[in-house]
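Let's take a walk through this model together, looking at the spaces inside it and then at its ligand. Keep the 3D view open as you read.

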Amino acid sequence: MRDDELLLMIPGPTNVPPEVREAMAAPCVYHRGPEFAELIAECVCGLQALFGTSEPVVILSASGTGGMEAAIANLVSSGQHMLVINTGKFGRRMGQIAECYAAEVTWWECRPGEVADPRLLERLLGESHFDAVGLVHSETSTGVQQDLARLGEVTARAGVLTIVDAVSIIGGAPIDMDANGLGAVVGGSQKALMLPPGLSFVALSAEARHRAAESTSPRYYFDLLRALESLEKGQSPYTPAVSLFAGLREALHIIHQQGLPDIFRRHCCLGSACRAGIKSMGLQLLAADERHASDTVTAVRMPEHLDSSELVERIKQNDSILISGGQDELKGKIFRIAHLGSCGIDELALTVSAVAENLAAMGLEVDAEAAAAAARDAYQTLYA
Ligand code: PLP
């Protein structure tokens with residue numbers, strides 16, 4: 001990390017390791033030549049393990065929202081019924097995209113910090129006809145994580161296609177797309193994958209590919225079947241962000257060298273450590289039930305009389321650490337610490353300590369050393 005850089009503890013972009021930066025600085029390869037064919041094949045193979053699928057993963061030169069739009073444009077046609085589990089900003093975005101494609105969206109509104117109950121989902125799917133269910137695995141705006149395995153099991157049993165926004169968690173927690181019967185899973189580059197923004201990843205099940213062939217929704221750049229056809233020739237239909245692909249190969253190399261089980265364990269332990277540090281200060285998590293708190297981002301309620309935007313700014317100025325405030329209706333009311341990608345307990349403890357110190361400067365009675373120690377203790381106990 002350079003001296004003038006901020007430590008990024010926001011839910012994307014995250015810190016990019018030096019090896020990945022170097023790989024991206026290499027000369028560009030020609031995207032219609034054999035070197036790119038090798039590069040894209042290695043990237044797809046490395047991604048499949050993260051998605052828990054043997055299906056090819058389409059890599060789009062577009063941010064996570066582009067990946068979400070691609071999934072919906074290919075899988076949901078005008079007039080089809082989609083149940084969208086709205087856990088926050090990104091659940092809402094998914095439903096808005098579906099509405100753009102003239103889907104009949106039924107909104108399942110979760111309160112901020114709450115997740116969907118699989119039993120209720122089962123009831124809803126039994127009561128009405130839905131062509132698709134959309135949900136966000138880790139809702140970045142509220143720091144909650146859905147039980148993907150159970151929700152997927154319910155939708156698969158009901159024969160309804162599930163579209164999952166896993167943008168802020170892919171590579172940070174296990175996803176078993178094939179085993180859980182998920183129709184489409186979307187990931188993004190600038191989170192647990194430790195890359196700059198600009199790539200998204202979309203995996204489709206065989207059933208979803210069949211749907212895509214029948215979808216009447218308009219699409220051109222985001223035609224996933226065309227992308228899959230190109231992939232067979234080791235290409236993408238249009239000029240890809242070649243340098244980001246080079247970075248992706250390096251990031252996947254790092255990830256697979258560390259081993260997915262270890263990476264997932266680190267993220268899970270960092271989540272617990274962050275919550276321990278926060279609770280030691282007497283602050284409240286936004287997650288209604290800690291068992292559903294996200295492994296990759298923790299959302300914390302700001303004490304009533306204080307504004308989280310001020311806390312974020314103070315930490316940036318005083319400690320060169322960037323954390324996030326709340327979005328939309330949660331602006332000023334919560335702050336969020338992300339612990340994903342190239343991040344360990346040292347970075348997290350530093351951040352927890354900075355939060356405490358700056359809260360103390362804002363008049364709260366908190367002990368920075370004790371908060372950092374609580375985070376470290378929780379991590380060591382769990383990670384041991
Ligand atoms: N979905 C989730 C859960 C996200 O956290 C984000 C970005 O933060 C997105 C979608 C949108 O991704 P992007 O900003 O890369 O378009």
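How much space lies in the largest cavity? The answer is about 90 Å³, and do keep in mind that the model you are viewing is a predicted one. This cavity comes from a search of the whole structure, which finds 4 cavities of 30 Å³ or more.

To find the largest cavity on your screen, look for its lining: I59, L60 and S61, then Y221 and A227, then S236, P237, Y238, T239 and P240, and finally F245. Sorted by class, that lining has 8 nonpolar and 3 polar residues, with no charged ones.

Now let's turn to the ligand. The shell around the ligand is made up of 3 nonpolar, 7 polar and 3 charged residues. Of these 13 residues, the ones that come nearest are S63, T65, T140, D165 and K191.

In the side chain of T65, an N or O atom is 2.6 Å from an oxygen atom of the ligand. At G64 the backbone takes part instead, with an N or O atom lying 2.9 Å from a ligand oxygen. D165 brings a polar side-chain atom to 2.6 Å from a nitrogen atom of the ligand.

How values were computed
Residues numbered from 1 in each chain as written. Predicted model: local features only at pLDDT ≥ 70, side-chain atom pairs only at ≥ 80, totals over all residues. Heavy atoms only, no water. Near = heavy atom within 4 Å. Polar contact = N/O pair within 3.5 Å; in protein donor to acceptor, adjacent residues only side chain to side chain. Nonpolar A, V, L, I, M, F, W, Y, C, P; charged D, E, K, R; others polar. 1 Å grid on protein atoms, 1.4 Å probe; cavity = no way out; pocket = protein on both sides within 12 Å on 5 of 7 lines; lining within 4 Å. Points joined across faces, edges and corners; volume = space filled by probe spheres on them.
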